[in-house]
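Hello,

Here is the structure I promised to pass on to you. Please open it alongside this email, and then read on for what turned up in it.

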Amino acid sequence: MIVKRKRLAIISIFLMCFILIITLYPFLNVLAKSLNDPIDTVKGGITIFPRKFTLNNYMDLFVTSSNLLIAFKNSVIRTVLGALLSTLCCAMFAYPLSRKDFIFAKPFLKILVITMYVSGGLIPSYLLIRSLHLMNTFWVYIIPSLISAYNVILIRSFMMNIPVALSEAARIDGANDLTIFFRLILPLCKPVLATIMLFVAVSQWNDWFSTYIYTTGSYKASLSTLQFELMKVLDSVNTGGQVDIHSEGLKLARRNPEAIKMAITIVCTVPILAVYPFVQKYFVSGITLGAVKE
């Protein structure tokens, strides 16, 4: 029996190492190409280590491109602000739906669930945002994504597991609904709030379509984001052309589109990837707690 367990342990370790290698290899390969000399990269054969180390690819991105710095700033601001405001709004929406004394909780919940299956579509959304005068403004990144039906339902399920006695005790001590929500409910919901905040942050960071469709003319440059800049570079490389140094704002050599593509991919990936370790401990408790009891 002991020998059999040791064999199973060895097999498990081997499988985990294999999964780790095939998971990390693509990222390490992109990182190696971004740190390799662009002419040498064209020869191929780069694995997980750069053959001719250089930082010129990143210098081309940040030193010669002021637009990329603006895009990086916009991405950081919309990610932080969007994650905070969206999490707060979803929590405020979920709180009354979790209260058993709120008689309209079930009708509102049904309407909320319907929005997950039925959508107005792109054209009505565009017309609505235009009628609200959000076009070519920074708030077009924030306001349309403040409420998510899935996030509201997830937070509501978590809140329903908080004992009602805590709220009743606080109310007896003279606390009103706002005091109970901000000083009692929110601190107890840290796991699910951290999880939702990460979901929203990743969605905000990866979004490029909003910049593409809701900004025009000169506003597209001032409201550009990292993902939108990445899509422009990828589109230029994948279509066989070179990056237009006038429209893109990148003074790149015509010989290194592949290296630039890898460098900007790393720039777009690493910042949001660095957030995961800080909220990883909240994932299991934030998502699964509240899924059993409804």
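**What was found**

Let's start with D177, which is partly exposed, with a relative accessibility of 40%. Please keep in mind that this is a predicted model.

D177 forms a salt bridge with R171, and their closest N and O atoms are 2.5 Å apart. R171 is partly exposed as well, at 37% relative accessibility. A search of the whole structure finds four salt bridges. Another one of them joins the side chains of R99 and D101, at 3.0 Å from N to O. Here R99 is partly exposed, with a relative accessible area of 21%, whereas D101 counts as exposed at 53%. These two pairs belong together: R99, D101, R171 and D177 are linked in a network of salt bridges.

Which residue does D207 meet in a salt bridge? The partner is R78, and the N to O distance is 2.9 Å. D207 lies in the loop between α10 (190-206) and α11, while R78 is in helix α4 (residues 66-98), so this pair ties together parts that are 129 residues apart in sequence. Are these two residues buried or exposed? D207 counts as buried at 18% relative accessibility, and R78 counts as buried at 2%.

R78 also leads us to the aromatic residues. Its charged end sits over the ring of Y141, 4.1 Å from the ring centre. Y141 is buried, with a relative accessible area of 2%.

A search of the whole structure finds 10 aromatic pairs. In one of them, the rings of Y126 and Y214 have their centres 6.1 Å apart; their planes are at 15°, so the pair is stacked. Because Y126 lies in helix α6 (residues 122-131) and Y214 in helix α11 (residues 209-214), the pair ties together parts that are 88 residues apart in sequence. Y126 is partly exposed at 25% relative accessibility, whereas Y214 is buried at 9%. Y141 comes back in an edge-to-face pair with F138, with 5.6 Å from centre to centre and 85° between the planes. F138 is buried, with a relative accessible area of 19%. Elsewhere, Y95, F181 and F182 form one aromatic cluster.

Next, have a look at helix α7 (residues 149-159). Nine of its 11 residues are buried, so this helix is largely enclosed by the rest of the structure. Among the buried residues of α7 are V152, L154, I155 and F158, and also R156.

For a contrast, turn to the surface. L20, L24, Y25, L28, I48 and F49 form a nonpolar patch there, with about 550 Å² of accessible area together. L28 has its place in helix α1 (residues 2-34) and is partly exposed, with a relative accessible area of 30%.

At 45% relative accessibility, K52 is partly exposed. Which residues does K52 touch, not counting those up to four places away in sequence? They are L35, N36, D37 and D40. K52 and D37 are 15 residues apart along the chain, and 5.4 Å separates their C-alpha atoms.

Definitions and conventions:
Residues numbered from 1 in each chain as written. Predicted model: local features only at pLDDT ≥ 70, side-chain atom pairs only at ≥ 80, totals over all residues. Heavy atoms only, no water. Phe/Tyr/Trp six-rings, centres within 6.5 Å; stacked < 30°, edge-to-face > 60°. Helix = DSSP H or I, 4+ residues; strand = E, 2+ residues; numbered from the N terminus. Buried < 20%, exposed > 50% of the residue type's maximum accessible area, 1.4 Å probe, protein only. Lys NZ or Arg CZ within 6 Å of the ring centre and 35° of its normal. Contact = heavy atoms within 4.5 Å. Patch = residues over 30% accessible without salt bridge, like charges linked within 9 Å, V, L, I, M, F, W, Y side chains within 5 Å. Areas by Shrake-Rupley, 256 points an atom, 1.4 Å probe, with all protein chains shown as cover.
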